[in-house]
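Dear colleague,

I am handing over the structure below, and after it I set out what was found. Please keep it open beside this email as you read.

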Amino acid sequence: MSKMGNKVTDAPLAPEGRMAEYVQKKKRHTLLRLVTYFKYYPWLTLVTLLLAAVSNFVVVAKPWILANIIDKNLKTGLNDMESIIRYALLYLAVILVGCGSDYLQSLMLSSLGQRIMHRLRTGLFSHIQHFSMGFFDRNSSGSILTRISSDVESLSDLYSSVLVSFVRDTLLIISVVYAMFTMNISLAGFSLLVIPVIAAATVGYRYASRRNYIKLKSMLSRLNGFLAENIIGMRIVQIFGREEHKKQEFHKLSKEYYRLGVIEIILNSLSSPLLNAIGNLSVAALVAFFAKDVLAGTLAVGVLYAFTDYIKQFTRPISRIAEQFTTIQSALISADRIFDMMDNQADQEDMESGRHIDSLKGDIEFQNVWFAYQGEHWVLKDVSFKIHAGQTVAFVGATGSGKTTIISLLARFYKIQKGRILIDGVDINEYNLSDLRRQVAVVMQDVFLFSGDINYNIRLNEEWITDEDVVQAATFVNANEFIEKLPDGYNQEVTERGSSFSAGQRQLIAFARAVAFKPSVLVLDEATANIDTETEAALKNALANASEGRTSIIIAHRLSTITGADCIFVMKNGQIRESGRHAELLEAKGIYAKLYELSQKTGEGL
Amino acid sequence: MSISKEGSITSGKLIAKLFRKNMVRYGAGIILVIVTQVLNTQIPKLLGDLIDSLQAPSSVISEVYALAGTMAGVAIAAFLFRFLWRYLIMGFTRSIELNLRESLFTKLQSLSANFYLKYNTGDLITRSISDVQAVRMMFGMGLVGIVDVLVVNAVSIYYMVQSTGWLLTASAIIPIPFIILLLVKVRSGVRKRFRKLQESISAISSKVQENITGIRVVKAFAQEKSESAIFDKLSRNKWGAEMKMARLSAVVSPIVQLAFGTVFSVFLIFGGQAVIKGTLSLGDFVAFNGYLLLVIEPVNMISRIVQVWQRGRVSMSRLDEIFRVSPEVDDSRADSSLTELESTDIRVEGLTYFYPESNKKALQNISFSLPQGGILAIMGPTGSGKTTLANLLMRVWQAPQNHIYIGGHEISTIPLALLRQSIAYVPQDTFLFSDSIENNIRFSNESIPFEEVEKAAIAAAVDDNIKALPKGYETVVGERGMTLSGGQKQRICIARALVKNPRILLLDDCLSAVDSQTEQLILGNLREIMTHCTTLMITHRVSAAAMADKILLLDEEGRMAAFGSHSELKATSPAYQHLLEVIEAEKETESDNGKEISPQTGFHASGRGGFGVEREELL
């Protein structure tokens, strides 16, 4: 079985020239989409906004109280001590309210942010669970991991602080502008000249930083991918003494990440200080420009002074927004990456619909099946065969002849291009996918164990499989013996990918898992390759039992294991070339006869 | 796995070294932070002067322009300095990040197999990425924040004293020591919570990594929903950890405000009284408020700084946890004068091996010797220690001293690089890197010419398969590449070993997924190569074992059940004879067409519960 993996790089998908366009188009709706997540928590959002209003009120009330004390009391010489004390106490009360609302507000914001991120994270994870195998062939675990971890994490600040202060600052700017225009139109007009300058700076920054962020994040994905591959393959690297070489490769990636990181810093270092400077410069310009009017007596100093204050009040939130722009920008790129994955419906598997089944009889039929993993690179060419319920059949053939592919298709891991696959006379596409896969248990070439104990690895998350069932299944495949010898028996922890067990033991556990699930169709894909002859002999007996009343499909290279099959299919280059019982095939003196003769001569299976 | 206390690098030492190297840069950055802050405080003063100059009866326009010009100049200078310090300091922290991450990776490369039994891939990735980032933040925003707070406070306190005198200043900053005390108090709580948080992030990464790697099993057994449920729990854990953190950190800012607010309310009463009495000017009364605001702002920032700082410390300790592990296998006993192995005969004497932290003997009292160029087949039931023996010979695991000799040298006296350079290994579980097939084969040395690669591929009988691929040897394999069949992968791994032209060849059951025709071809090719090198071959097939000079048969307990040549063992060893009998029996049943012997193993299925689905017994 060989197949073209469509190599998807993490680098920006669009070519460089078109990137800006791609970037512009996506951005607006991404932000909106992020905001819509608040709708799932209307009350929390509402209360948070109310609390923000209270905090704003406190900010405004404090100078008002102070002004009252000064203007109405101290300045006028009224000297009413009682009223001063009243105001002081009011001030304290306002502070208390402010503290309370600040505390609650930041808690609620955190809670809101965490809820939304939890929703995004788990939504993304279960979306990924429902991707078809083709997706996993194209995407590295590192890049998927980056989506669920760092990309979701990038949204944290956005939800827990940025969006709310964005709203608050925008309101602040509007009110300041309003105040400016009511005070003096020409001064206000002059002050607002600063807006185009700020806008130009912002647009320039946004463009540059967005480009850089896209690269930075895809680089992070690649770092993750590289680490995942090299940690998993560390033993091979060490045995082949390639540490230095791999270090250089890692250095290249890290260095590139570093370079992009420094660019990010330069851009960030420019943004908020620049806006600050623009604010100060415009104050200086304002004063210089209107100084003549003041000296001429046509403009009151107080008004000019008030405007210098307004400009500061006006640029401070803008500069704050600019400071947060980094966060927003980073969040938007991450959100794009997350939504891109969430919006990928084409690769989704439908686990819900379809006909529900509790069991199958096990009649299997392939009708003129054509299949290619990609393009016209046909792996199966017009394959047709029939397996009757309860039969044990075998597929033999050279590696890469398409044996494993047949199994993958039976479990609907991939969609066929032409032809039909029927189980019990019904097209497998009509069955509920979950039910279908439960009925077709596959023990694979590459055994995979999860972290957890042995018990868990046999029953997975199925509660209906009891402890006794687990022990029975293990006994059935001769795994019981070695498991019971372990210090913790069935509760023995399995380390990552089962690395603390031998390959043969891992295969036995995987075999027990398949048996424990009590499937209607049992498929063994080279499942006994790493098991010693004696264990295998015992296993064969078990298998004979297991296949009683159930359709079994065996793929094996050791012909000795399959001579008893009800039918043997001989595959070559994606086609079935011969089929029949062992004796029939020998008589036919075809490919199988030759294979068998060879295996006998070399003592294979001996 | 031992923990070394001294001599090992730690993240702290590493960062200290970087600081020493970049002292000028960082120092200049910090000075610029101070200059910038001082400049920033000049701007309100200049503005005040400007307004005053407009109000003065004798004011001249040129004077106003001069002041405005100065103000513009200061603003521009502040901008440039601020940009510069950010670049200097933040850029430096990026290089801390780079160095830390690379050192960590180098450390990971030096650690042996038992380390990887303990740590999950996802966890190690989290440490290499997210923890390293947290350390960067600590020395960037964290450190600068502290300088910022100190400078701003010092400057504003200075002006306060200048304009309002000691007494008022002191009363204004009364809360500061208390707030610092509070922050010191919550520090350890913050750290504890961050540790939990970071662990929850690791748990999520580990789950995702595992789930994606095993996605085929997840799908085959329709476990998508329950996997999502498990993930949901982990994600909730993280949410909880975040909230615990938030509850603590949210306290700080309101308390700061409350403290200063109380001080100010008290001041309103007494200050107001003083103004009435005429002992305090109205201007000073107003100024006090202004300065108080100046002080509150940075104090508020302290809570963020404490967070960044504690998070960084937690992450540093998580990194040090790895930096401190000393590799079980190292060159500490190596004889560095040894640059070549004269001979590759292998002698094992009374070898008994326990896996670390396990009291079960994996191998017991194994003794054999194999001359240079000899072929040894290792056989035995599942879990009998065959792969363990191979791993001990490659020093993936550390064998006890004075039990294994290669070329007459005790194995740990042979420099690791030399040992592994001499050995070529074909693992049981095929692992290929995301790279072209060609580069995967020449993995041991990138300068191997293509002809050699091709030759090795031909010897491993995989050349034809590779050439049949659309891109031939350029085909990218590995995680995101072309999916090859198990047999194809095994043969590429064989080619990868052969191209090394090794002195010792270790084959770990590496033909299990290959059909018999191909197997014969490969074994024939290998036989040619094996004349040059000492070969150890783990196998379950007697056909393969028969071509070995000696066979080492292990039993379930990891003991030697038999040792000798095929014909010797056939004649003398009961264990070997038994093995042959089993195989014979198998063959007979095959020719009888099989299914007759199906003794009742006593296994029968009990009905499936849980989901209330009644099913007929299937087994």
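In helix H1 of chain B, the residues Ser11(B), Leu14(B), Ile15(B) and Leu18(B) meet Ser95(B), Ile96(B), Asn99(B), Leu100(B) and Ser103(B), which belong to helix H3 of chain B. Sorted by class, the residues of this contact between H1(B) and H3(B) are five nonpolar and four polar, with no charged residue among them. Please bear in mind throughout that this is a predicted model.

H1(B) covers residues 11-21 and H3(B) covers residues 61-110, and their axes come within 10 Å of each other while crossing at roughly 135°. Angles over 145 degrees would count as roughly antiparallel, and H1(B) and H3(B) are therefore described as oblique to each other. The crossing in which H1(B) passes H3(B) is right-handed.

On the H10(A) side the contact is made by Val301(A), Tyr305(A) and Thr308(A), and on the H2(B) side by Leu47(B), Ile51(B), Leu54(B) and Gln55(B). The residues of this contact divide into five nonpolar and two polar, and none is charged.

How many residues does each chain bring to the contact between chains A and B? Chain A gives 168 residues and chain B gives 164 residues. On the side of chain A that touches chain B, the largest share comes from helix H9(A), residues 243-296, with 29 residues. By class, that side of chain A holds 79 nonpolar, 60 polar and 29 charged residues.

Chain A itself is divided by the domain assignment into domain 1 (1-37 + 133-349), domain 2 (41-129) and domain 3 (364-601). The centres of domain 2 and domain 3 of chain A, taken over C-alpha atoms, are separated by 65 Å.

Turning to the sheets of chain A, one is an open sheet of four strands in the order S2-S1-S4-S5, and its pairing is antiparallel. Strand S2(A), residues 378-387, and strand S5(A), residues 426-427, stand at the edges with a single partner strand each, so one side of each has no neighbour in the sheet. Strand S1(A), residues 364-372, pairs with S2(A) in the antiparallel sense over six bridges, and Ile364(A) stands opposite Ile387(A) in S2(A). Helix H11(A), residues 403-410, packs on this sheet, where it touches S1, S2 and strand S4 (418-423) of chain A, and its direction makes about 110° with that of S1(A).

The other sheet to look at in chain A is also open, with six strands in the order S6-S9-S10-S3-S11-S12, and its pairing is mixed. At its edges stand strand S6(A), residues 440-443, and strand S12(A), residues 575-580, and because each has a single partner strand, one side of each is left without a neighbour in the sheet. Neighbouring strands of this sheet are turned against each other by 20° on average, direction ignored. Within the sheet, strand S3(A), residues 392-397, and strand S11(A), residues 567-572, pair in the parallel sense over five bridges, and the bridge partner of Val393(A) in S11(A) is Cys567(A).

With best wishes

Note on methods. Residues numbered from 1 in each chain as written. Chains lettered and ligands numbered in written order. Predicted model: local features only at pLDDT ≥ 70, side-chain atom pairs only at ≥ 80, totals over all residues. Contact = placed C-beta atoms within 7 Å. Helix = DSSP H or I, 4+ residues; strand = E, 2+ residues; numbered from the N terminus. Nonpolar A, V, L, I, M, F, W, Y, C, P; charged D, E, K, R; others polar. Axes fitted to C-alpha atoms, helices over the stretch in contact; angles between N-to-C directions. Parallel < 35°, antiparallel > 145°, perpendicular 65-115°, else oblique. Left-handed = near helix turned anticlockwise from the far one by under 90°. Pairing = 2+ DSSP bridges. Domains from an automatic or database assignment.
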